[in-house]
Amino acid sequence: MARRKQGIPIGSPAHTVIEYVMLVVGSLIIAASFNAFLNPNQIASGGVSGVSTIVQHLTGISPAITQWALNIPLFLLGLWLLGGQYGVKTAVGSVVYPLCVLLTSHIGVPTHNTLLATIYGGMGIGLGLGIVFRGRGSTGGLGLAAQILHKYTGISLGFAVAIFDGLVILSAGVVFTPENALFALIGLFVTTKTIDIVQLGFNYAKVAFIISEHTEDIRKAILYELDRGLTELSGAGGYTGASRVVLMVVVNQNEVSRLKTLVQAVDPQAFVILSDTNEVLGEGFRRHS
């Protein structure tokens, strides 16, 4: 199997530049989606962006101003209470994202259909955040507040994030309408799923564990006919206590049938366990990035 060429080393100056470019590009996509879909349709699906939508409706203050007013103090508070884990990119993101919101504030509004705006806005936010996260960056916001709550109360980080997003969506239901809050929940769900796709991709793989009396023949079939690497794990029968070799192999979706055919041809009694795996990094799959 041909070995892939080594990409740009993580931590190198070139890689750092790429990460900052991803931070800016992702922030632009988030801001454009916010101004084109969510904000005009009063969909406050969590985060500082959702807060800024509510504040604009109540006071007329520009969303970018509200986001700066929240992001910068939250970053400084996080830096004070949580230490130096929030680096330069978080500081940059806390300033750049509201700037992008300001620059795209006059973008056209493609639709006033609330459901369409929710779906496309959620997808755009998820795409932008996924790019920012792939660049190991952050746009600041209530995620920092969630980290602080997590540290000082002991509740899980995921639940802390849900608390803040839930408060924003609940506030939107009071300020706008309960229906807007329901649309905001849909938007938050779409955003989460889109982030997963950007982070993990569509190429879901399968990991197979194979237990057989003909381990060596199956090993050769996988290596030389399927052209996949594998790992031999040491195991023992739960009832007999006899030593067993368990073969572990990761395959793409389109290779699953071929794998099962090869194993069955060697040993129809083989015990095969197939499980989904969302991301595989390494030779023969995606390179580390």
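1. Let's start in a loop: arginine 136 sits between helix H5 and helix H6 (142-153). Helices here are DSSP runs of H or I with at least four residues, strands are runs of E with at least two, and both are numbered from the N terminus. Phi of arginine 136 is near 55°, a positive value in a residue other than glycine. For background, most residues other than glycine have a negative phi. At 48% relative accessibility, arginine 136 counts as partly exposed. The classes work like this: buried means under 20% relative accessible area, exposed means over 50%, and partly exposed is in between (1.4 Å probe, protein chains only).

2. A word on what you are looking at. This is a predicted model, in which local features need pLDDT of at least 70 and side-chain atom pairs count only at pLDDT 80 or more, while totals for chains, interfaces and linings use all residues. Residues are numbered from 1 along each chain as its sequence is written, and side-chain values use heavy atoms, with hydrogens and water left out.

3. Now step back to the whole chain. It has 10 helices and 4 strands, and from the N terminus their order is α-α-α-α-α-α-α-α-β-α-β-β-α-β. Of the 289 residues, 40% are buried. The accessible surface (Shrake-Rupley method, 1.4 Å probe; for residues, only the protein chains shown count as cover) comes to about 15400 Å², and 63% of this belongs to carbon and sulfur atoms. Contact means heavy atoms within 4.5 Å. Among contacts between residues at least 6 apart in sequence, 73% join residues at least 24 apart.

4. Leaving aside neighbours within four places in sequence, threonine 90 touches Phe75, Ser138 and Leu144.

5. Methionine 123 is found in H5 and, at 40% relative accessibility, counts as partly exposed.

6. How do helices H9 and H10 cross? Two packed helices are described by the angle between their axes and the distance between the axes. The axes of H9 (residues 215-225) and H10 (residues 256-266) come within 9 Å and cross at roughly 145°. Axes are lines fitted to C-alpha atoms, for helices over the stretch in contact, with angles from 0 to 180 degrees between N-to-C directions. The crossing of H9 and H10 is right-handed; a crossing is left-handed if the near helix is turned anticlockwise from the far one by less than a right angle, and right-handed if clockwise. From H9, Asp217, Ile218, Ala221, Ile222 and Glu225 meet Arg258, Leu259, Leu262, Val263 and Val266 in H10.

7. Aspartate 227, in the loop between H9 and strand E2 (231-236), has a positive phi of about 60° although it is not a glycine. Aspartate 227 is partly exposed, with a relative accessible area of 42%.

8. Next, the charged pairs. A salt bridge is a side-chain nitrogen of Lys or Arg within 4 Å of a carboxyl oxygen of Asp or Glu, and the count comes to 8. One of them pairs lysine 206 with aspartate 276 (2.6 Å, N to O). Lysine 206 lies in strand E1 (residues 205-211) and aspartate 276 in strand E4 (residues 271-277), so this pair ties together parts that are 70 residues apart in sequence. Aspartate 276 is exposed, at 55% relative accessible area.

9. Another salt bridge links arginine 219 and glutamate 232, with the closest N and O atoms 3.8 Å apart. Arginine 219 lies in helix H9 and glutamate 232 in strand E2, so the pair ties together parts that are 13 residues apart in sequence. Arginine 219 is buried, with a relative accessible area of 19%, whereas glutamate 232 is partly exposed at 44%.
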